[in-house]
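The exercises below concern aromatic pairs and salt bridges. Each task is followed by a worked solution.

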Amino acid sequence: MFDTKIAIVLRNNLQSWQTLNVTAFLMSGITGSNPEILGEPYRDRSGNLYNPLSIQPIIVLSAAEETMSAIQRRALERGVPASLFIKEMFSTGHDAANRAVFSEYAPEDAKVVGIAMRADKKIVDKITKGATMHR
């Protein structure tokens, strides 16, 4: 049904609150960069209006730290735009601080805890190789 796939990969040793926080941040990056994935607003039987949701499914995977780094490297090598969350961003409290701490790291030393992308299905599958379904 869709030529593209949205995948979120989370490091497999995060606390529950971190998993939820990172997932929300990463998906906001995907949606902001791909506004066409939003459908129409939802309306219930009483006429109440709710925000639109993604028109396509989102797969959530998990991986060990080494695999997370490999996934980041593969995305960069293939030029696939990605949303990235690094461990140090947990210690910040707002967007400017997140960007400041993010800028202190390069791919070879970033402690990636989450990455999300939307691209051709086959490319996403190759990039996320080694990750498993999140439990």
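In this predicted model, ring pairs join Trp17, Phe25, Phe85 and Phe90 into a cluster. A search of the whole structure gives three aromatic pairs.

**Exercise 1.** Classify the geometry of the pair Phe25 and Phe85.

Solution.
- Step 1. The ring centres of Phe25 and Phe85 are 5.8 Å apart, and the cut-off for a pair is 6.5 Å.
- Step 2. Their planes stand at 55°. Planes under 30 degrees apart would be stacked and planes over 60 edge-to-face, so the Phe25 and Phe85 pair is tilted.
- Step 3. Phe25 belongs to helix 1 (residues 16-33) and Phe85 to strand 5 (residues 82-86); the pair links distant parts of the chain, 60 residues apart.

**Exercise 2.** Decide for Phe25 and for Phe85 whether the residue is buried, partly exposed or exposed.

Solution.
- Step 1. Buried requires under 20% relative accessible area, and exposed requires over 50%.
- Step 2. Phe85 has 3% and is therefore buried.
- Step 3. Phe25 has 42%, so this residue is partly exposed.
- Step 4. Phe85 also forms an aromatic pair with Phe90: the centre-to-centre distance is 5.1 Å and the planes are 50° apart, a tilted arrangement.

**Exercise 3.** The structure contains five salt bridges. Describe the one between Lys5 and Asp125.

Solution.
- Step 1. The N to O distance between the two side chains is 2.5 Å; the limit for a salt bridge is 4 Å.
- Step 2. Lys5 is in strand 1 (residues 4-11) and Asp125 in helix 4 (residues 121-127), so the contact ties together parts 120 residues apart in sequence.
- Step 3. Lys5 is partly exposed at 23% relative accessibility, and Asp125 is partly exposed at 39%.

**Exercise 4.** Which parts of the chain does the salt bridge of Arg118 and Glu36 tie together?

Solution.
- Step 1. The closest N and O atoms of Arg118 and Glu36 are 2.9 Å apart.
- Step 2. Arg118 sits in strand 6 (residues 112-120), while Glu36 is in the loop between helix 1 and strand 2 (42-43); the parts tied together are therefore 82 residues apart in sequence.
- Step 3. Glu36 has 47% relative accessibility and counts as partly exposed.

**Exercise 5.** Locate Glu88 and Lys111, and assign the burial class of Glu88 and of Lys111.

Solution.
- Step 1. The side chains of Glu88 and Lys111 form a salt bridge of 3.2 Å, N to O.
- Step 2. Glu88 is in the loop between strand 5 and helix 3 (95-102), and Lys111 in the loop between helix 3 and strand 6, 23 residues apart.
- Step 3. Glu88, at 14%, is buried, whereas Lys111, at 33%, is partly exposed.

Definitions and conventions
Residues are numbered from 1 along each chain as its sequence is written. This is a predicted model: local features need pLDDT of at least 70, side-chain atom pairs count only at pLDDT 80 or more; totals for chains, interfaces and linings use all residues. Side-chain values use heavy atoms; hydrogens and water are left out. Rings of Phe, Tyr and Trp (its six-membered ring) pair if their centres lie within 6.5 Å; planes under 30 degrees apart count as stacked, over 60 as edge-to-face and the rest as tilted. Helices (H or I, at least four residues) and strands (E, at least two) are DSSP runs, numbered from the N terminus. Buried means under 20% relative accessible area, exposed over 50%, partly exposed in between (1.4 Å probe, protein chains only).
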